[in-house]
Amino acid sequence: MTTASAETPILEVRRISKRFARTPDFAERLAGMFGAKFDARVVHAVDDVSLAVKHGEVVGLVGESGCGKSTLGRMVAGIIPKSDGELYFEGAESAMWNAAQAQAAQLAVQIIFQDPMSSLNPRKRVRDIIGEAPLVHGMVARDAIADYVSDLMLKVGLDPGYKRRYPHQFSGGQRQRIGIARALAVKPRFLVCDEAVAALDVSIQAQVLNLFMDLKDAFNLTYLFISHDLGVVRHLSDRVAIMYLGRIVEMAPTTELYATPNHPYTRALLEEVPQVGTGKRIYSVVKGEIPSPLNPPPGCHFHPRCPHAMPKCAIEQPALKQVAPGRFSACHLNDQN
Amino acid sequence: MPDEALLTVRDLRTHFETRQGVVKAVDGVSLDVRRGEILGLVGESGSGKSITGFSILGLLDAPGRIVGGSIRFKGEELVGASPERMRALRGREIAMVFQDPMMTLNPVLRIDTQIIEAIQVHERISTRAARARASAALQRVGIPSPDERLQAYPHQFSGGMRQRVAIAIALLHRPALVIADEPTTALDVTIQAQIIFEMQKLCAESGTALIWITHDLAVIDGMGDRVCVMYAGRIVESGAVRDVISSPAHPYARGLIDSIPSRNERGKRLSQIPGAPPTPFSLPQGCPFRPRCGRADAACLEVPQETTLRGERRVRCFHPLEESV
């Protein structure tokens with residue numbers, strides 16, 4: 001086992017995939033015994049994705065609904081198992097972990113969800129929500145837990161006087177802070193933020209984003225920031241990966257991606273985000289719908305909607321290739337010139 | 001007269017009497033909508049923007065009721081109008097598009113049944129002719145092969161397509177006014193752009209005025225003519241979209257615009273409004289924004305009245321920001 005050097009990414013996935021298949025129910029199994037065919041449709045939620053995150057980096061993961069960004073986040077956080085591929089934490093592959101390493105990796109990677117109301121147990125008091133995990137894992141002694149929880153609440157901007165309250169007694173922004181404090185309680189080094197500000201009002205969203213930036217410095221954290229909001233991701237991230245139907249189509253440092261998007265999908269996304277300060281305008285429109293992940297188009301998934309599609313795009317899947325130092329894009333257009 | 005007001009709301013008050021007390025969801029809202037105009041109604045959750053829309057349509061559920069003010073549509077007073085009269089207006093003269101089209105379309109009826117019913121409620125017309133109109137309506141909102149799609153059920157449509165169907169139904173009778181309540185909030189970015197594009201085009205074609213209720217200032221900036229910013233049941237600032245967004249006069253509007261990530265330098269702390277919006281049961285004395293406001297002083301313990309800065313620019317604040325005056 002090698003020790004993690006500064007160059008080793010804190011977290012890396014290589015060619016990771018997640019397939020969801022419907023399991024046959026009783027009647028279908030019975031019919032199957034008599035030779036009936038079972039309609040085993042498989043959703044390729046995440047399809048052969050590779051991504052490495054360096055220590056202290058913020059990587060934004062952007063995509064529309066159904067593109068697999070949350071599934072990827074959950075696999076990274078260890079909530080759902082991967083179907084294929086390799087997951088490394090500080091250079092150690094997950095298949096090689098012993099029990100102690102597995103637990104350490106589980107605790108070091110925490111996740112913050114979109115809707116704090118459905119991710120906080122409504123029947124538990126805040127002090128138990130935040131304090132339970134560190135107590136169970138023996139990180140904090142039982143007599144020190146009260147101070148530990150108070151300290152965490154202060155750090156995320158909550159009044160420790162409220163620790164006997166239940167989640168429903170808080171506003172949306174405060175509830176999200178409880179979710180953040182709960183994640184921080186087990187001293188993680190890597191946070192997956194899955195649409196963590198999407199449910200919040202604009203003025204509250206700014207407060208929580210500021211909190212994320214403060215905590216990153218205070219706790220020396222690394223983020224995988226999943227969002228559909230390009231403005232939020234641009235503000236926070238060092239690097240951005242754009243996903244479309246289970247695949248990363250473009251990945252680049254934030255400023256470069258926003259200044260000169262390479263992939264036609266990225267370009268379309270950036271053009272169509274309503275932005276304050278543009279004034280009245282006519283929206284250019286990407287034709288068509290997001291295809292169903294049950295039945296994705298062959299070749300490049302984006303080709304039915306792409307203004308530059310060529311015959312090749314419908315047949316061959318473009319690989320994610322380096323187009324400039326640090327910039328990756330999966331588009332056949334890059335091969336032409 | 002192109003400038004004639006289509007809808008005039010004056011001092012509208014919609015309250016909900018609950019066991020915990022009276023919730024003043026809308027507390028003195030005045031606004032005008034002209035023919036063919038797009039008016040943005042912006043606010044955070046609980047600011048009363050949706051209830052304002054429901055009040056205009058007479059769609060309030062008990063215990064909510066209009067306790068004061070007036071709503072005049074084409075010169076006709078709607079507050080206190082009979083349910084029959086409101087039913088005749090709704091769908092024909094004033095239509096609504098909601099956030100979640102799955103909630104507005106009946107899941108057990110085919111699309112054609114629902115559209116034909118909406119046509120025949122307001123017009124004596126044969127089912128065959130109504131079906132042709134339904135097909136044309138779907139075509140107009142950009143649904144491919146409309147004749148086949150008419151036979152489908154709502155769950156067979158994607159979210160964006162369902163919203164198109166809802167818009168097609170709203171525009172069936174070429175209403176003078178459409179109230180759209182967060183119609184693109186549940187949709188993805190590329191689909192949102194499609195819907196905004198269709199709405200812009202259709203309203204321009206048919207001269208329909210639009211009240212677009214949203215929490216997203218960026219959407220209004222891209223499509224609206226005028227904007228009203230709501231906070232705690234009142235309009236705190238209104239005016240032409242360009243003016244309000246480039247130089248907001250109310251400290252709340254300023255804070256809202258400044259806290260948008262793309263307006264801030266990348267990686268720097270976002271400017272934020274401190275605190276949280278008040279709950280309807282704990283409204284502070286005087287100006288409801290006072291506890292979060294950097295400019296508040298003793299004068300703000302009184303409720304500020306709406307004042308005109310210049311032209312159409314109106315603000316409800318004792319200390320409006322200077323540069324915009």
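**Helix α7 of chain A and a few buried residues**

In this predicted model, the buried residues of α7(A) are A:Gly173, A:Arg175, A:Gln176, A:Arg177, A:Ile178, A:Gly179, A:Ile180, A:Ala181, A:Ala183 and A:Leu184. That makes ten of the helix's 13 residues, so α7(A) is largely enclosed by the rest of the structure. As for what surrounds it, the buried residues pack against several elements of chain A: the strands β6 (109–112) and β7 (190–194), plus the helices α4 (116–119), α5 (126–136), α6 (145–155) and α8 (202–219). The length of the helix, which covers residues 172–184, works out too: at 1.5 Å a residue it should span 18 Å, and its end C-alpha atoms are 19 Å apart, which agrees.

Over in chain B, B:Gln114 belongs to helix α4, made up of residues 111–122. With a relative accessibility of 10%, B:Gln114 counts as buried, because the cut-off is under 20%. Leaving aside residues up to four places away in sequence, B:Gln114 touches B:Leu105, B:Asn106, B:Leu109 and B:Pro154.

Then there are the cysteines. A disulfide is a covalent bond between the sulfur atoms of two cysteines. Across all chains, the structure holds zero of them. Take A:Cys331: the nearest cysteine sulfur belongs to A:Cys306 and sits 6.1 Å away, so with a cut-off of 2.5 Å no disulfide is counted. A:Cys331 counts as buried, at 12% relative accessibility. In chain B, B:Cys293 is in no disulfide either, and its nearest cysteine sulfur, that of B:Cys317, is 6.1 Å away. B:Cys293 is buried as well, with a relative accessible area of 18%.

Methods. Residues numbered from 1 in each chain as written. Chains lettered and ligands numbered in written order. Predicted model: local features only at pLDDT ≥ 70, side-chain atom pairs only at ≥ 80, totals over all residues. Heavy atoms only, no water. Helix = DSSP H or I, 4+ residues; strand = E, 2+ residues; numbered from the N terminus. Buried < 20%, exposed > 50% of the residue type's maximum accessible area, 1.4 Å probe, protein only. Contact = heavy atoms within 4.5 Å. Expected span 1.5 Å × (residues − 1).
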